[in-house]
Amino acid sequence: MTSTLRRLGPSRTGVQDSGSGEASRPRRSGHRSRNPLTGGRWAALAFVAPLIVYLGAFYVFPLYRNLDLSLHDYTPRAFVQGDADFVGATNFVEVITSTIFTSAVVNTLVFTLVSISVQFALGLALAVFFRTNFPLSIGLRAAFLIPWLLPMIVSASTWSWMLNSDNGIVNSVLTAFGGGQINWLTSPEWALVSVIIANVWLGIPFNLVILYAGLQNIPDDLYEAAHLDGAGAWRRFWHITVPMLRPVSIITLLLGLVYTLKVVDVIWIMTLGGPGNSSTTLAIWSYRRAFGTGRPDFSQAAAVGNLLIVMALVFGFVYLYLQRREARS
């Protein structure tokens with residue numbers, strides 16, 4: 001019987017030695033174990049914090065400040081002293097009911113839509129042209145990037161000189177070929193056309209670079225298979241290039257749209273928004289109200305700027321809708 005109990009041991013009999021029982025108990029450490037999830041969360045917040053600070057300082061605060069300006073009556077004195085009167089939506093009402101508002105909106109839409117349409121069409125044509133390597137193709141692509149690399153004030157001043165009515169090179173060429181002189185910058189019929197031409201020239205390189213990069217991701221096997229099936233150049237373009245390039249095209253058009261909506265420097269240097277209001281866009285109107293000649297009105301300038309922000313947001317939501325529909329299909 002004794003030998004049997006010894007073989008079973010204390011675990012089987014329920015009898016434990018007091019010394020072995022204390023030794024078998026887990027020892028409590030004086031330090032608490034750290035939760036790895038908590039440490040990872042703090043590390044993630046540390047990495048995200050600089051981005052949050054940047055967005056707050058350069059995006060959220062300027063938007064809030066611009067909205068605050070549009071809801072108060074900020075004269076130069078009130079702007080310095082900070083005691084502007086709250087006027088609510090009065091500035092927006094005055095902007096919308098102004099005689100300049102309709103022409104500014106129309107000019108903005110014409111300037112934006114025509115500019116991005118022509119820029120995209122020419123940029124896509126050049127991207128397709130440069131897709132096939134040939135001698136001097138790299139040099140020509142680099143030459144098309146020059147408008148993008150030049151400072152905006154240099155490009156606008158150059159176009160202003162070229163389109164000058166008296167001694168501009170464009171009128172000189174027209175006169176040499178028997179055409180009449182055109183008052184590009186001083187005629188209400190041609191002022192908006194002039195700034196559109198200059199803006200198109202400035203925007204072609206951007207479209208060329210983005211669309212050319214998108215074309216490089218289209219497999220050559222698709223074009224070779226279509227060619228073997230008897231598809232011509234136009235059918236390959238419409239049935240391969242256009243569908244495969246659609247995501248890149250959408251983002252290119254959106255970026256061009258947002259950028260063109262806020263163009264100020266080109267129009268201001270070339271025409272100052274004139275003659276009259278023939279080339280005044282919403283961006284030019286906002287700049288003129290804040291920094292132009294006469295009594296500055298920062299509140300109405302901010303109100304016009306907020307309208308531009310709303311327009312940009314609308315186009316942004318349209319892009320998100322199209323992108324989501326593209327992902328679903």
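Colleague: How many aromatic pairs does the structure hold?
Modeller: The structure, which is a predicted model, holds eleven aromatic pairs. One of them joins Phe130 and Phe144 in an edge-to-face arrangement, with 5.8 Å centre to centre and 70 degrees between the planes.

Colleague: Which helices do Phe130 and Phe144 lie in?
Modeller: Phe130 lies in helix α6 (residues 99–131) and Phe144 in helix α7 (residues 137–144), so this pair ties together parts that are 14 residues apart in sequence.

Colleague: And is Phe130 buried or exposed?
Modeller: Phe130 counts as buried, at 1% relative accessibility, whereas Phe144 is partly exposed, with a relative accessible area of 31%.

Colleague: What about Trp184 and Trp190, what do they form?
Modeller: Trp184 and Trp190 form an edge-to-face aromatic pair, with 5.1 Å centre to centre and 70 degrees between the planes. Trp184 is buried, with a relative accessible area of 9%, while Trp190 is partly exposed at 34%.

Colleague: Switching to helices, at what angle do the axes of α14 and α17 cross?
Modeller: The axes of helix α14 (residues 246–261) and helix α17 (residues 298–328) cross at roughly 175 degrees and come within 10 Å. Angles over 145 degrees count as roughly antiparallel, and α14 and α17 are therefore roughly antiparallel to each other.

Colleague: Which residues make that contact?
Modeller: Among them are Ile250, Leu254 and Leu257 of α14, together with Met311, Phe315 and Tyr319 of α17. By class, the contact of α14 with α17 has eleven nonpolar, one polar and two charged residues.

How values were computed: Residues are numbered from 1 along each chain as its sequence is written. This is a predicted model: local features need pLDDT of at least 70, side-chain atom pairs count only at pLDDT 80 or more; totals for chains, interfaces and linings use all residues. Side-chain values use heavy atoms; hydrogens and water are left out. Axes are lines fitted to C-alpha atoms, for helices over the stretch in contact, and angles run from 0 to 180 degrees between N-to-C directions. Helices (H or I, at least four residues) and strands (E, at least two) are DSSP runs, numbered from the N terminus. Angles under 35 degrees count as roughly parallel, over 145 as roughly antiparallel, 65 to 115 as roughly perpendicular and the rest as oblique. Contact means heavy atoms within 4.5 Å. Ala, Val, Leu, Ile, Met, Phe, Trp, Tyr, Cys and Pro count as nonpolar, Asp, Glu, Lys and Arg as charged, and the others, Gly among them, as polar. Rings of Phe, Tyr and Trp (its six-membered ring) pair if their centres lie within 6.5 Å; planes under 30 degrees apart count as stacked, over 60 as edge-to-face and the rest as tilted. Buried means under 20% relative accessible area, exposed over 50%, partly exposed in between (1.4 Å probe, protein chains only).
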